[in-house]
Amino acid sequence: MTVLEYLVPRSLPEAIGLLERHGPELLVMAGGTVAMPLINEGISLPERVMSLRSAGLTSIEQRGDVLSIGAAATLTQLVAQDGVALLSEAARNTASWSIRNMGTVGGNLFTPPPGGDVAVALLALDARVRLSGPHGERVLPLADFYTGFMTNALAADELLVEIYVPTAVGETAFIKFGRKHANTPAVVTVAIALQRRDGRISAARIALGAAGPHPIRAARAEAAIVGSALESGVIERAADTAAGECRPFRDAIATEWYRRRMVGVFVRRALEKVVEQEQDDVGEGE
Amino acid sequence: MSPALNVVGRSVPRSDGIGHVTGRTQFATDHSFPGMLHLKIVRSPVHHARIRRIDLSEAERVPGFVCALTHADVPHNVYTILGLIGVEPEEEFVLAEDRARYKGEPIAAIVAESEEAALDAVARVKLDLEELPAVFDVEEALKPGAPIVTHWGNNTFMYEGHPCRRVRFGDVEEAFARADHIVEGVYNTKPIEQAPIETTGCIAVPEANGRYTVYTNTQAVYFSLDNTSIILQIPGNRLHFVGGTVGGGFGGKVDVIVEPLATLAAMKTNRPVKYAYSRSEEMQVSSTRSAWRIYVKDGVMRDGRIIARKVTSYADSGAYSRQTPYALTKHAANASGPYAIPNVSIDAYCVYTNRVPSSAMRGFGITMASFALEVQMDKIAEVAGLDPWSIRFINAYRDGDIKPHRKVVEDATLIETMQAAAALVGQDLPAEFRAMTSARRSEGGA
Amino acid sequence: MAKLRGTGMSAVNYPTGMNLGGDPSQALIHATTSGSFVVSLSATDLGQGLRTVIGQIAAEALGVRMEDVVIDTADTDTGPHDMGTFASRATHRVGNAVMAAAQEAREALLDVAEDELEAARSDLEFDGQGNILVRGAPDRSLKVADIAAAAQFKYGKTIAGRGVYMKPRSPVDPETGAMDPDSTEAHACTVAEVEVDTETGEVTVLSIRSAYEVGRQINPALVKGQIVGGAWMGMSHALYETTAPYYPDPDHNPKDFSEYLMPGAYEMPEIDCVVLEYPSSNGPYGVKGVGEMTANAPIPAIVNAIYHATGLRIDELPVTPELILRGLDAKERAASVASAADTTATTGS
Amino acid sequence: MGSKIITFVLGGREVEVMVKPMTTLQAVLRYQLGYTAVKEGCRQGGCGSCTVLVEGEPMMSCLLPVEDVAGMHVTTLEAITPADGLDRVQQAFLEHGAFQCGYCTPGMIVVSKALLGHNPRPTRQEIVDAFAGNICRCTGYEPIIAAVEGAARASASKAAQPG
């Protein structure tokens, strides 16, 4: 059906009201970078579409030790924020300049793999998402938001409205590996956040993109290294474990075999990057 | 000595430059016309199927639906683009009849008031298909019992009674028997899309005088006009094709796909009709460069001379051959490479599979031969204990040599080109190669 | 992590012109009364610069300035027949047709100029700047525009020319393959340097340096543009592109520019070239043609460079990182089997 | 629901268009207003040929419902071309042979203008990054990069001139 109505609510309550009125058939769109190509090609034929672009969800603010990111904040805004370096880096490695000017942080959480590079960084940062519906709000860890390939915990009448990221993140590293260097789908994306105390890893979050039905944590790899010093044997162990536990897939870009192999390589390289950053910091300190 | 030239040989500015940098250059689908309709295609969702029924009833109810075209509407539905130069048989269906031979094959065309309505109606066409076994590999397609793709009963294009384009020169078997080394290789390449940034497209416009003006980005306006005239069975003088400005071709716009249907729809509706590929159509259903499998066997002497070469090549034509038979002929004529080889045998097969048809692309028939042969040359060099430069100088053809297809070489400059490349990269060449020329061997080109 | 570097080369010929002939192109030229020459054709400009190059050939052959030539092409109501722009045929075929048409138009101009300048035809020459001069008499010259106007208004004559170029159709002997499959041969030799990451299998092309021999260059800047763009496309074919990533399996065919892999600006290597000119006997001004061939030589040069870097013989395109890794794995397995065998042999002796 | 009237500022001039819901800015520019320098290479956001500036920032007009630019400033290549001659970037594209078929060129020049607007002396890497969303099938990118470098130099030398 040709689109009958394009709804552009000016506030969150208006958006929630429209969603409630039109029900789950309403296609919710923010930057349009994923939905519009499907509509243009006639693959998606929605009757009604709601844009969140003007619903007042575009701010990025630091509140205490939390960075609050409106779901409709653009990836360009995320590049520019200086609260969390990992997020700037992830956003900078996503798509192209024009697409970053349009694509939103919230939208990135709905982008099926191998897309969704920012979501991988958010997962490593232990972000939480605020969901809002006609009956109130709830906040979920991002890790609980995903339920499967292109499925999530969002109820039919809820909108993802905000993302909370703790700014005390410890040491981080981000690597997106694609077949090209820029504007390309990931073979694998790795985002890591570590905390170390007395030379030992006290907490580790290793998030992987394009290595499962949605951004995933490499929980066994994390468990395998907590309590150890970040040295080469430990790094190898994390890499091997992550490669073993990930659930990659084959698409036009890469096979399952190659992705699994690259998970190992890039988890290792990301952890080595943490070590290098530490050495740089030490070097600068001297 | 030729007289001095005024403008040839000078890097004068491009005559279309200002148009391109200001965006004022008009490409075919930059035109638009009041009342213009949009044509979109219902395509086979499977690789090979019998078509039992096409149900348009729901599509017809979409607001903005104007008409649908099926094979029954196309006056001369089975054609061969190279029929213009005498290539037979007629084999491609403008719109599929009882069988779809590749995923994406056009089955019906929908004409609607807007592109959105056309896409909507396309999505609502119901196809009753019986899926058939399909074949995707060139050598599998030649085995007994393979699914037959064509409508005449075998999976190769026939060259004057042969299932392949043949070249026979000298006696390869005798030469293999006395060669010091035999070097064999098999080379595989996957299909490639021309991927011009402007997709294939046209607009057909009914004119006051009963003619049709077709704005098109074809690479060959008369090729397109003449094939359209045949397919629609209307005199060529009722067609006026306007083009010449093409947003990238690379061979991808030599087929005649969009013009016949757009013109037919314009005839049927008496309104301008636009038919342009979407990007995914350009990527997934437009002709590709063929996939190739090339077997090369060379007989080589201890000193590096290649005395025999046998090449067996298979190009994956897909479901229809389009320009590919011609590519195989060009390939066969060049499968010995730029080398003087006294004994050559070449069999080049154009093979039908249930794949998107392949057709022309930049380097037609040659690009993948060059890949196979030049990798093979390095293998030969290694076997003969020579470096990659030496093996090529030793075997380079000269003016006056006879190519396997019996033509006397006239414009050989491989040796001079290699000398220039060596100088460019600082590669030292032995004196004998520095002194070598492409002049006739009888004229001291030793 | 190891990064291995290697260099590879290739040398190729490229047959230009639609191979078996029988592919005529026509050109019609007429002068307007303001001294412009309209060149009517039916060839297409795909971006290679056909309008420019044919304009240069027409201006040269007519003996007038480039700006006095108008290329009117690919309108079938005004343009004469042409087979189309493919097979590196346009500059060769259309250029020859234009030269023939220009010759006829020149003769028509000279017919009028003889009367207007009261000079013998053999004493007339074009200065290439839009004038016809009487040799040895610098004060006796006329603008081509004035001659064209005089032809129309004073003599009632047309200044026009017709040209066609056709290589006769050559049959192929179905048994031996004897045929005449080209008009002329251009050549290229490319040297590529690569770096291979042995952990990821990625191939980085560091440089593509080539020598080309393309006959006469009508427009060297456009030739260089073809060589640079072709080097990119060759690299793209060698390492990235396909519509069937798992051929012969037809699945996962790309639908857009992110799935259909092509290198971007970031991946561009250093590109360098030299161009030799050995004019052909049958091309206009000795042209051979360059458009199609420039993607060819880089492909085997890159693949041969990968061998030089890694010892892997690759016989498949595109060369994906996975192909490299699997090759390196197999090599490593073979080496460890061999060394195990060595150990056994040593122990056994 | 029927059509709506949307107003925006196109190249400094206010325009009013009547559109069906969710008509893209690209379709409005090309087919209602005749601004065909805005190209249509993919309508997937993947080629960059339709790039326009919205409030000075590059965006893909094929992905942008025109309702979303209501009241905003939109700049296409038509508005970048000065009344007298060519912009420095356009001139540089000519001089460096930064196009062949010309289909990607409008998008490339729009992005170049945006880049030089933000960053008058970009490094090669910054130029390459800026073009990551614009695909050229003909040139191999090198002449395009050279053109932007050339345009930046031309601006710098002009700025350095007294008076």
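Chain D is built from six helices and five strands. The model is a predicted one. Reading from the N terminus, the elements of chain D come in the order β-β-α-β-β-β-α-α-α-α-α.

As for overall dimensions, the C-alpha trace of chain D covers about 55 × 40 × 25 Å along its principal axes. The radius of gyration of chain D is 16 Å, which agrees with a compact globule, since 163 residues packed that way would come out near 15 Å. Taking contacts in chain D between residues at least 6 apart in sequence, 62% link residues at least 24 apart.

Over in chain B, helix H6 (residues 221-232) packs with helix H7 (residues 258-269) at an angle of about 50 degrees, and their axes lie 9 Å apart. Angles from 65 to 115 degrees would count as roughly perpendicular and those under 35 as roughly parallel, so H6(B) and H7(B) are oblique to each other. Their crossing is right-handed. On the H6(B) side, B:Ser224, B:Asn227, B:Thr228, B:Ile231 and B:Leu232 take part, meeting B:Glu259, B:Pro260, B:Thr263 and B:Leu264 of H7(B). Sorted by class, this contact holds four nonpolar, four polar and one charged residues.

Chain B also touches chain A, with nine residues of chain B in contact with five of chain A. On the chain B side, helix H3 (residues 115-123) gives the most, at six residues. That side of chain B splits into four nonpolar, three polar and two charged residues.

Key:
Residues numbered from 1 in each chain as written. Chains lettered and ligands numbered in written order. Predicted model: local features only at pLDDT ≥ 70, side-chain atom pairs only at ≥ 80, totals over all residues. Contact = placed C-beta atoms within 7 Å. Helix = DSSP H or I, 4+ residues; strand = E, 2+ residues; numbered from the N terminus. Nonpolar A, V, L, I, M, F, W, Y, C, P; charged D, E, K, R; others polar. Rg over C-alpha atoms; globule rule 2.2 N^0.38 Å. Axes fitted to C-alpha atoms, helices over the stretch in contact; angles between N-to-C directions. Parallel < 35°, antiparallel > 145°, perpendicular 65-115°, else oblique. Left-handed = near helix turned anticlockwise from the far one by under 90°.
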